[in-house]
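Student: I'd like to go over the surface and the pockets of this one. Can you take my questions one by one?

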Amino acid sequence: MQPIDPSAFKRRADETLQDAAYDPKKIVLLHTCVALGSSLLVTLVNLLLSRQIADTGGLAGMGLRSVLATTQSVLEFVVMVILPFWEVGIIFAALRWARKEEAGPRTLLQGFLRFRSVLGLNLLRGLLFLFLGVTIFYFSFAIFMLTPLADPLMELLEPIASGTMTSQDMESLLTPELLESMRTVCLPMIGIWAVLYAIVAIPVFYRLRFAEYAMADGAGAIKSLLLSLHMTKKKSLRLFRVDLYFWWYYLVLVLLSAVSFADVILTKLGIVLPFSGDAGSVVFCLLAIAGQVAFCCRYQPSVSTTYALTYEEFRQKQSATPPQPKPANVPWNTC
């Protein structure tokens, strides 16, 4: 297979978008405003509820504080559950743009219309990466304990490991200072885990990269994962080249997201803002959202359609690959 040329795919994407019946920028605008607007809504409600919780003191207000805290948790959970189904909609739209098919605002609802498949896909993929994380943590801990990196931790735990301490001694020993020291000496183990997890999880991530696209073609959750694995076999680096081509796109998105925390960053740098902390959070959050909306409307249609064209290339070449004949004169071929 010839190497993927991301620039050629992007040119094709730009040409395809010019002939779209419905302006792709309007679809991206709607998609981005809903996604970021829901996050802004959660932020504002949390600020209001946190202020109300702080103003509700005493035993008499314990019930109200519990209700407000529960409302915060429920709202965050609802948004966290709904957003993945909304995010899938832009993949459906990009795939239709790539195929020169009509894509309107209703296309963004395809994730909800395919609720079962999207839910199953997210659960299966999440469980897979959770399993990888837990398994790699086990090996990371073993590596950490078998190296001199664990010596500071063993010195901290030596009084506990001796077995001669009473429960009162344990309570007096387990101070916040000891717990902070344990977190510090465990940093090498976390570093080992992060490196091993990246080595294992990143290739798996690229192998499953086209699962949503396969699902958009009508496949179920399990079949989408299997089709993605099949299409990207020995081709993950070609897909990685597309990511590298759009490095500037992801960098700008990260920088715009960091604007939301500008008040915290400026405070750490000793810069005093002319407004309160809550007002600063809202102002910088609005600035970040405005920047992301403008940037996504300008560039996301082209970027998303380029990935959809890449999927089309992988899918067509995979389906065009003839089955490999079995070697002759091998006894088990007749089984």
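This is a predicted model: local features need pLDDT of at least 70, side-chain atom pairs count only at pLDDT 80 or more; totals for chains, interfaces and linings use all residues.

Student: Which element gives the largest share of the nonpolar patch?

Tutor: The patch covers about 790 Å² and includes Val74, Phe77, Leu109 and Phe112. Two elements give two or more residues to the patch, α3 (62–98) and α4 (110–113). The largest share, 6 residues, comes from α3.

Student: On to the pockets. Which element gives the most to the lining of the largest pocket?

Tutor: That pocket has a volume of about 870 Å³, and of its 28 lining residues the closest to the centre are Glu87, Ile90, Ile91, Gln300 and Ser304. Several helices supply at least two lining residues each, among them α2 (24–55), α5 (115–145) and α15 (277–320). With 7 residues, the one that gives the most is α3.

Student: How many residues in the lining of the largest pocket are charged?

Tutor: By class, the lining has 17 nonpolar and 7 polar residues. The charged ones number 4.

Student: And which element has the largest share of the lining of the second largest pocket?

Tutor: This pocket holds about 270 Å³ of space, and Thr43, Ser260, Phe261, Ser281 and Cys285 lie nearest its centre. At least two lining residues each come from α2, α14 (262–268) and α15. The largest share, 7 residues, comes from α2.

How values were computed. Residues are numbered from 1 along each chain as its sequence is written. Side-chain values use heavy atoms; hydrogens and water are left out. Patches are made of residues with over 30% relative accessible area and no salt bridge: like charges are joined within 9 Å, nonpolar side chains (Val, Leu, Ile, Met, Phe, Trp, Tyr) within 5 Å. Accessible areas come from the Shrake-Rupley method with a 1.4 Å probe; for residues, only the protein chains shown count as cover. A salt bridge is a side-chain nitrogen of Lys or Arg within 4 Å of a carboxyl oxygen of Asp or Glu. Helices (H or I, at least four residues) and strands (E, at least two) are DSSP runs, numbered from the N terminus. On a 1 Å grid over the protein atoms alone, a cavity is a set of points where a 1.4 Å probe fits but cannot get out, and a pocket is an open set with protein on both sides within 12 Å along at least five of seven lines; lining residues have an atom within 4 Å of a point. Grid points are joined across faces, edges and corners, and a volume is the space filled by probe spheres set on the points. Ala, Val, Leu, Ile, Met, Phe, Trp, Tyr, Cys and Pro count as nonpolar, Asp, Glu, Lys and Arg as charged, and the others, Gly among them, as polar.
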